[in-house]
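Please keep the structure in view while going through the numbered points.

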Amino acid sequence: MKNTKVIACVLSAAMLAGVFSGCSGKKVTNISTEEFTKACDKTLKLEEVDIEDINDLEQEDLEDGIYLSLEQEDIEDMGIGDYIDMYLKSLDLDDIIEAEDIESAAVAAKMSDPSVIYEVEEPEDLEDLELEGAYALQLTLADDDKAADIMEFIADKLDELDLDVKKDLSKQEYYAGKNDGYLKVHIEVDKLVKIVLENEDFQDALEDSDMEDEITEALEALTGEAVVTVEVSGANVLILVGFGVNTDASTLGDFVKAFGASDPTKIPHNEKVGEALVEGVADAVATYIEKAQEAAERVRQHNDEVQVVDDAIESQLG
């Protein structure tokens, strides 16, 4: 009887350890290109397309859902390795991954009709806006030793947003091991809106508007969520982006289940991440406006110079 109790206690302790280790979030999705495309075809019922036909796709195709896959020989035969390398370089990833490192890859996407955005003519129209979708990228690399470098790259990029992966992200949100790792970010729209409305730059712009109350009320009515995940397990990489605005992120949920990933919407909203995103967007917008103003001033100066020349010519011609 004693032995039975001891065994029961040991088993209980083991089960509890499993529960708490699961709560730490260190479950990394490991899915190959073959498994990914099978899930797209059999589970998600997406339409397979060839990369040559990508420019011929219509919005209806995206609404139904599509996926495509490539092997290294496809990249070589189509001569798109240089374009992939250029894209990786633009992301500062060229020191970690090159086109020749990709053994196979696949992409899946499904999204509701984005043209509903054009129906938003007044602030209150935002309350009726419903938009949702998901995008997934899977890579199988030739080597299985890239995880640490990829996770370090992510940590460096987050640092540029003033986010410290050790201080500002939980174990559910960021994990870096020798051969695996992940970043999982979950943002709730209503909480993000509060951060936006408290942003000084946005407040300044809002005060200059003659519809301050209407815009504020419309934004406060928005609901939904968005997630971004990057999971690296050995040679396999899975990137998943999904969202839902004023509606359930149903496609995201379908993708998560089909690819065997843990549900990132269960991770609590991170206020620090939300603030960093808003600040980053605000800075980008401010920079854009500044450059646009500089360009406008250069155009004005040029026009003034042209006018001076025209006036001089006209005076000479009498």
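1. The largest pocket is lined by 46 residues, and Tyr-87, Leu-91, Tyr-135, Leu-137 and Ile-239 lie nearest its centre. A pocket is found on a 1 Å grid over the protein atoms alone, as an open set of points where a 1.4 Å probe fits, with protein on both sides within 12 Å along at least five of seven lines; lining residues have an atom within 4 Å of a point. The volume of this pocket is about 1,500 Å³, a volume being the space filled by probe spheres set on the points, which are joined across faces, edges and corners.

2. This is a predicted model, in which local features need pLDDT of at least 70, side-chain atom pairs count only at pLDDT 80 or more, and totals for chains, interfaces and linings use all residues. Residues are numbered from 1 along each chain as its sequence is written, and side-chain values use heavy atoms, with hydrogens and water left out.

3. Which classes of residue form the lining of the largest pocket? The lining has 44 nonpolar residues, one polar and one charged. Ala, Val, Leu, Ile, Met, Phe, Trp, Tyr, Cys and Pro count as nonpolar, Asp, Glu, Lys and Arg as charged, and the others, Gly among them, as polar. Strand 3 (residues 102-111) provides the largest share of this lining, six residues.

4. The protein has eleven helices and eight strands. These are DSSP runs numbered from the N terminus: helices are H or I with at least four residues, strands E with at least two. Of the 318 residues in the protein, 35% are buried, where buried means under 20% relative accessible area with a 1.4 Å probe, protein chains only.

5. Helix 7 (residues 189-198) and helix 8 pack at an angle of about 70 degrees, with their axes 5 Å apart. Axes are lines fitted to C-alpha atoms, for helices over the stretch in contact, and angles run from 0 to 180 degrees between N-to-C directions. Helix 7 and helix 8 are therefore roughly perpendicular to each other, a term for angles of 65 to 115 degrees. Val-196, Leu-197 and Glu-198 of helix 7 meet Glu-200, Phe-202, Gln-203 and Leu-206 of helix 8; contact means heavy atoms within 4.5 Å.

6. Helix 8 (residues 200-207) also packs with helix 9 (residues 212-220), at an angle of about 135 degrees and with their axes 9 Å apart. These two helices are therefore oblique to each other; oblique covers the angles left once those under 35 degrees (roughly parallel), over 145 (roughly antiparallel) and 65 to 115 are set aside. In this contact, Phe-202, Gln-203, Leu-206 and Glu-207 of helix 8 meet Glu-212, Ile-215, Thr-216 and Leu-219 of helix 9.

7. In helix 10 (residues 250-258), Thr-251, Leu-252, Phe-255, Val-256 and Ala-258 are buried. Among the elements against which the buried residues of helix 10 pack are helix 2 (33-43) and strand 3. Gly-260, with a positive phi near 70 degrees, follows helix 10.

8. Is Leu-169 buried or exposed? Leu-169 is buried, with a relative accessible area of 8%, and it lies in the loop between helix 6 (147-160) and strand 5 (174-176). Leaving aside neighbours within four places in sequence, Leu-169 is in contact with Leu-158, Asp-164, Tyr-174, Leu-183, Asn-270 and Val-273.

Note on methods:
Buried means under 20% relative accessible area, exposed over 50%, partly exposed in between (1.4 Å probe, protein chains only).
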